[in-house]
Amino acid sequence: MMRVGLWSLTHLHALSYIPVLCDRPDVEFVGIADEEPERGRRIAQDHGVPFFASADELLAQVEAIVITSANVDHCSMALRAAEVRVAALVEKPIATTLSDAQAMVRAFESAGVILATAFPCPFSPAFEELVRVVRAGELGRVLAIKATNRGVMPGGFFTQLERSGGGAVMDHTVHVADLLRRLTGCEATQVYAEVGHGLYHQDWDDSGLLTIDLSDGSFATLDCSWSRPKSYPTWGDVTLHVVGESGNATADLFSQHLHLYPADGSKSSWRGWGSSLDALVIKDFIAAVRESRPPCSSGVDGLKALEVTLAAYQSAKTGQAVRIGELA
Amino acid sequence: MTEKVSKPVRLAIIGAGTIGTIHGLCSLQSPEAAVTAVWSRSAEKASQLTQRLGARACSSVEEAVNSPDVDAVLICTPTFTHEAHALAAIRAGKHVICEKPLTRELDTARAVIEAARAAGVQLHVAHVVRFFPEFRRLHDLVQQGAIGQPALVRMTRASSFPHGSGDWHNQIALSGGVVLDMGIHDLDWLLWTFGPVERVYGRGLYQRGAPFLDYALLTLRLCSGVIAHVECSWAEPAGFRVHGEVSGDKGMLTYDSLDSTALRVDLRHPPDIPPGVNVPTTYTAESPYVSQLRHFARCIRGEEAPIITPDEAYESLRLALASLDSIVNGQPVSL
């Protein structure tokens, strides 16, 4: 039994990790700490889990911690975990600045404990098969990839720049940036982006169109916009359309759903029946800590994906393509 | 006078390939137009089409455009020949209906536009997507404010690689590849619906030496602040797919041909269809190609104002060429 805690209920993914931590037979869910004690107590009680008023007390009792705070708080929280040699699974994006992400990677390296980034998409069975198809050469050389990670505008801390570090581009770039690396085995070399505010007219960006050059000369675009309206039947999507020399493949990672049409005239919705990827994230993290092996997505993986995000923002500011490694 | 305007516009079709044949057959459903003459580099194709249309085959472009029973010339040949054929028609004092893109380069497009203006003949460019009901409706709903102020647009136009006469599409420098030949439809629709473009950035296989394969992804910023993504694909193994999506501050409109298939026929033993040029199929009471031809004919008869002006066709070409420029040079291109 591994002693595991969860720190912060700010990110909505906390609510999908909690039941997984409760149910895993190899996990002793020690407790929850939250910067908002009232919320923390309520949700801990709902799940029959102890609440810790002090995060340090929780850290002192666990081997591993899941950090689901606002983006800008990831770094300080993770560094505290590293100080007391507690392995951490950090919600994406790993951080909001390169220096924060680098500090996190360094701290966990020198502490000798695992830092993992919570990327669920690599566990998608459809994506795993896509990787197999591409790596087996069934499509021939990969020439281009058209990707989307669109969603409903999430609100909450996501739209408070001082807590999120950015809007849609910050929220939705890293998933596909990470998938592109896994799929092609290539690094992003250059990013161009048009970033928009036209859906909500706020100081946070609500739309983004990225063009990503990859190290093998292929290219990809990513639509990371919060362009799904409230009436949309589901939260959003992650799709990859791969164009190869001898064929194409399209993965739609969250397409497995039933249509629900209520009789009362309220909006119809999709009810997903695909595998729970969040459960697989937790499973992999626990196994990595137990076996002292690298997690599916390391801190470095989180950092590499963040580089694409930051390059996109810089490109939008300058109107020019930005080379990775030349980030201001 | 009234008797004169009610007569059908008499057309000479130049080029009897896929699109020339489509226009020819559409003329049979267009009371405002009648094909009297056909020229094709292939005498066989010309004769096949004339038999279906009750027209006569001409042995040269000059003969076709100078025929006294021809009011307008419909140019359906490969892109790089448009300029010469258009100028020949204009010299003969005939109106011109030209397949898109107007020409291969900007200066030749300007020359054709100026020549038509100087000769006092009409010039129409067949940006047929404006006549496709789904894109017409999308345009109208956006204009009517159905989704509020538009902010983000995604367009896809995807087919297998076209096999036109002599496989001219595969001579990428001559055809301009998928961006100039097919993406221009969506670029024209964007300009028509959202106004001028500030800059374009593109990645594509153009001039990367992939035979019988072309694919491009374009990102545009419009002067209105709208940002747009355009996928241009000649990389589909089969079929033809279009997708459009416009998000605004009051909602989203989407269209996907895959979701709007009014009829699908699946044969257990499909006949061998020789490779050709794919065009989308729309089951509507009047084909978009018929609507387009009737509109051009009515314009020529002075009954309607053109939906597509030569200057708009020029701007669509300019944007497509800027997109190619970005693909080749790797940099954003300001319009």
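## Chain A: elements and overall form

Chain A holds 10 helices and 15 strands, where helices (H or I, at least four residues) and strands (E, at least two) are DSSP runs numbered from the N terminus. This is a predicted model, in which local features need pLDDT of at least 70 and side-chain atom pairs count only at pLDDT 80 or more, while totals for chains, interfaces and linings use all residues. Residues are numbered from 1 along each chain as its sequence is written, and chains are lettered from A and ligands numbered from 1 in the order in which they are written.

The radius of gyration of chain A is 20 Å, which agrees with the value near 20 Å for a compact globule of 328 residues; this radius is taken over C-alpha atoms, and the globule rule is 2.2 Å times the number of residues to the power 0.38. Along the principal axes, the C-alpha atoms of chain A fill a box of roughly 55 × 55 × 40 Å. Of its 328 residues, 52% count as buried (20 or more other C-beta atoms within 10 Å of the residue's own, with C-beta atoms placed from the backbone).

## Where the chains meet

The contact between the chains takes 24 residues from chain A and 24 residues from chain B; two residues are in contact if their C-beta atoms, placed from the backbone, lie within 7 Å. On the chain A side, β7 (142-148), β8 (188-196), β9 (207-214) and β10 (219-223) each supply at least two residues. By class, that side has nine nonpolar, 12 polar and three charged residues. Here Ala, Val, Leu, Ile, Met, Phe, Trp, Tyr, Cys and Pro count as nonpolar, Asp, Glu, Lys and Arg as charged, and the others, Gly among them, as polar.

## The two domains of chain B

Chain B is assigned domain 1 (2-126) and domain 2 (129-284 + 307-334), with bounds from an automatic or database domain assignment. The C-alpha centres of these two domains of chain B lie 25 Å apart. In chain B, 18 residues of domain 1 are in contact with 20 residues of domain 2. On the domain 1 side, α6(B) gives the most, with five residues.

## The nonpolar core

The largest nonpolar core has 205 residues, and Val191(A), Ala12(B), Val38(B) and Val96(B) touch the most other members. Such a core is a set of buried Ala, Val, Leu, Ile, Met, Phe, Trp, Tyr and Cys residues joined through C-beta atoms within 7 Å. Helix α9 (residues 177-194) of chain B gives the most to this core, with 10 residues.

Leaving aside neighbours within four places in sequence, the contacts of Ala12(B) include Trp39(B), Val65(B), Val70(B) and Leu74(B).

Notes:
A residue is buried if 20 or more other C-beta atoms lie within 10 Å of its own, exposed if 12 or fewer, and partly exposed in between; C-beta atoms are placed from the backbone.
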